[in-house]
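These are my notebook entries on a single chain. I looked up how its parts meet, then a few local features.

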Amino acid sequence: MTDDARPPRRDRAGFPPTRKSLGQHFLTDRRILTRIADALHLTGSETVLEIGPGRGALTDILVERAGRLIAIEYDRALAEILRTRYARRNNVLIAEADVLEVSLGELAAGPYVLVGNVPYYITTPILFHALVPPRAERSVYLVQKEVADRLSAAPGTKEYGALTVNVAAVAKAETLFKVPASAFSPPPKVESALVRITPLPQPLLNAEEERPFRLLVQGAFGMRRKQMRRVLRSLYVVEAAVADEVLQGASIDPEARPETLTPAQFALVLRAFSARRSVSS
Ligand code: SAM
């Protein structure tokens, strides 16, 4: 028998070996699983998208509370197990896919909420991916505590960065509670925290501004020790005098560093540049 023909190894509960490369740390603490589901405030009618259901510990709770549940799992063997487990439920879809390759809004095809004990090797890309409209009505993520700290960081701190600013421009991020490594099997090397992200009723940006804003913010934090004058000269290929005019027009010191600017100030810089471009074109 060749390796490929051999049936995959399974443990006593029928699960395949844990794949650390896929960030597989399964939550085993029932109380914490329940608190994660509670944080979504489900009323029974919502479409719930779950990222990385794994062995289905959280999924088992969500199926009882959701109107419709769509779970996106990359690991083929786990996706098959869940498909079999929920085969009799016609409101459950197990999508075998890389979450970063899926349009969450298209998959939901209507309003949705998002939840996941996400794989830590791609936490930040997942958070950015989930910012693409149409966004979830609310999202609850279990993430490394360090990422939770970045989401709620204040300007001028070392945790404050492109993730903080991009999320804060369109949503409110709250850290709800910490989760110790002992709540997982196998335990991760880091402490975790549950965060909830809720879109702002009045975001700082309109839909067309979101992409250029992200490019500005990511570019600026790529040069976080440089002064804003230098940052704008390099990102927009303009003279120092133009950069100064834009910054002073937005009441920002041209010598300020990106890490001290608030999300609203980044939005002002973007708008000042757009206004200047539309005048000169
Ligand atoms: N939700 C389960 C729990 O709480 O026990 C599992 C959480 S585990 C931290 C992350 C899950 O995400 C794993 O099941 C893993 O296979 C899955 N995963 C990893 N990369 C993925 C990707 N790119 N797209 C979708 N799922 C992924």
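Entry 1, the domain interface. I found the side chains of R135 and E210 in a salt bridge, 2.9 Å from N to O; the criterion is a side-chain nitrogen of Lys or Arg within 4 Å of a carboxyl oxygen of Asp or Glu. Between domain 1 and domain 2 the count is one salt bridge. I noted that this is a predicted model, in which local features need pLDDT of at least 70 and side-chain atom pairs count only at pLDDT 80 or more, while totals for chains, interfaces and linings use all residues. Residues are numbered from 1 along each chain as its sequence is written, and side-chain values use heavy atoms, with hydrogens and water left out.

I took the bounds from the domain assignment, which gives domain 1 as 20-199 and domain 2 as 207-280; such bounds come from an automatic or database assignment. The C-alpha centres of the two domains lie 33 Å apart. The contact (heavy atoms within 4.5 Å) takes 17 residues from domain 1 and 13 residues from domain 2.

I then looked up the buried area, meaning the accessible area (1.4 Å probe) that two parts lose on being put together, summed over both. Domain 1 and domain 2 bury about 1,100 Å² between them, 60% of it on carbon and sulfur atoms. Y160, V165 and N166 supply 40% of the area that domain 1 buries against domain 2, more than any other three residues.

I recorded a cis peptide bond from P133 to P134, with omega near 0°. Another cis peptide bond joins S185 and P186, where omega is about -10°. Phi is positive at A109, near 55°, and at V237, near 50°. Most residues other than glycine have a negative phi, and most peptide bonds are trans. A109 counts as exposed (over 50%) because its relative accessibility is 68%. V237, at 71%, is likewise exposed.

Methods. Buried means under 20% relative accessible area, exposed over 50%, partly exposed in between (1.4 Å probe, protein chains only).
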